[in-house]
Amino acid sequence: MNAAVDQLSQAQRERLAFLEMRAYFTGELRRADIEARFGIKPAASSRDLSAYRDLEPSNLDYDVAARCYRPSKAFKPIFEFSSERVLAWLLQGFGDGLELKLRKAAPCEGPGNLVRPDLAILSTVTRAMCARRAIKVSYLSMSSGAANRELVPVALADNGLRWHVRAYCEKHKDYRDFVLSRFRGVPDFNGESEFTATQDSEWNSQVTIRLQPDTRLSIAQQQIIAHDYGMINQELAVTTKAPLVGYLLQAFNIDHRKLEISPTAQQIVIGNYDEIKGYLF
């Protein structure tokens with residue numbers, strides 16, 4: 001962290017950290033963003049911008065046409081962001097846990113993760129989302145190894161273990177999930193793209209999974225499981241985006257390929273398996 005940052009008040013450090021994070025991960029920053037987040041006046045947001053540029057003059061460029069600041073090619077973060085905090089910001093909005101009703105900067109769905117993505121890669125992906133731009137990246141695939149891909153990121157998704165990027169793939173001509181940690185190096189920005197999340201019919205489809213206690217358990221055990229999961233009439237209905245069905249089942253520790261295993265190992269089953277099996281891996 002820049003030593004001069006320590007001379008700032010705690011409140012201003014928080015505002016400047018937000019300012020930097022907003023520019024770094026969305027690719028644009030306006031005074032109104034700072035004002036909406038912290039409830040301050042335009043004069044105060046201008047002072048924060050000036051203070052940040054005094055700390056690192058080469059980090060931000062002003063885009064006259066768009067009337068916003070953008071990270072420069074020489075951008076180097078002043079603050080040390082943890083991946084957990086950044087992903088929480090992206091997932092829940094920029095309210096630091098407060099119900100400020102601020103719009104998410106980038107589409108992001110999921111509960112939490114264990115594998116931490118590289119922030120330079122993550123920031124490039126989220127900026128591409130916000131600007132609707134394609135990226136070129138070397139990607140490690142389980143089936144074909146390392147290969148160059150042209151992707152149009154449209155959303156982030158979390159399966160509880162690692163982060164995925166939902167993106168249009170030029171090679172396959174459709175929308176697919178890509179594991180963020182399998183990106184080799186920081187992607188390069190490509191041109192603007194016409195592909196968006198609204199065109200991803202699967203991403204915009206909602207699927208309801210009906211979870212029930214395994215009937216091989218005793219009645220008493222089934223009642224306990226129903227109580228554990230807050231089931232009503234021995235059923236818990238969970239609705240999610242179609243591409244996230246498999247990830248949600250993983251979170252419940254349900255493997256549809258192993259429904260024959262001991263009921264004490266899995267405890268709950270899919271009540272409407274025939275309806276949702278097409279969405280499974």
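Let's start with Asp61, whose bridge partner in strand 2 is Arg70. Strand 1, residues 60-63, and strand 2, residues 68-71, pair in the antiparallel sense over 4 bridges. Two strands pair here if DSSP finds at least two bridges between them, and strands (E, at least two residues) and helices (H or I, at least four) are DSSP runs numbered from the N terminus. This hairpin has 4 residues between its strands, and Arg67 takes a positive phi near 55 degrees.

A quick word on the source: this is a predicted model, in which local features need pLDDT of at least 70 and side-chain atom pairs count only at pLDDT 80 or more, while totals for chains, interfaces and linings use all residues. Residues are numbered from 1 along each chain as its sequence is written, and side-chain values use heavy atoms, leaving out hydrogens and water.

Strand 9, residues 206-213, pairs with strand 11 over 3 bridges, and Gln212 has Val269 in strand 11 as its bridge partner.

On to the helices. Helix 1 (residues 10-26) and helix 5 (residues 119-131) pack at an angle of about 70 degrees, their axes 6 Å apart. Axes are lines fitted to C-alpha atoms, for helices over the stretch in contact, and angles run from 0 to 180 degrees between N-to-C directions. The two helices are therefore roughly perpendicular to each other, a label for angles of 65 to 115 degrees. In contact terms (heavy atoms within 4.5 Å), Ala23, Tyr24, Phe25 and Thr26 of helix 1 meet residues of helix 5 including Leu119, Leu122 and Arg127.

Finally, what is the volume of the largest pocket? About 610 Å³, taken as the space filled by probe spheres set on grid points joined across faces, edges and corners. On a 1 Å grid over the protein atoms alone, a pocket is an open set of points where a 1.4 Å probe fits, with protein on both sides within 12 Å along at least five of seven lines; lining residues have an atom within 4 Å of a point. Of the 25 lining residues, His164, Asp177, Phe178, Arg182 and Tyr247 are the closest to the centre. Strand 7 gives the most to this lining, with 4 residues.

Technical notes: Parallel < 35°, antiparallel > 145°, perpendicular 65-115°, else oblique.
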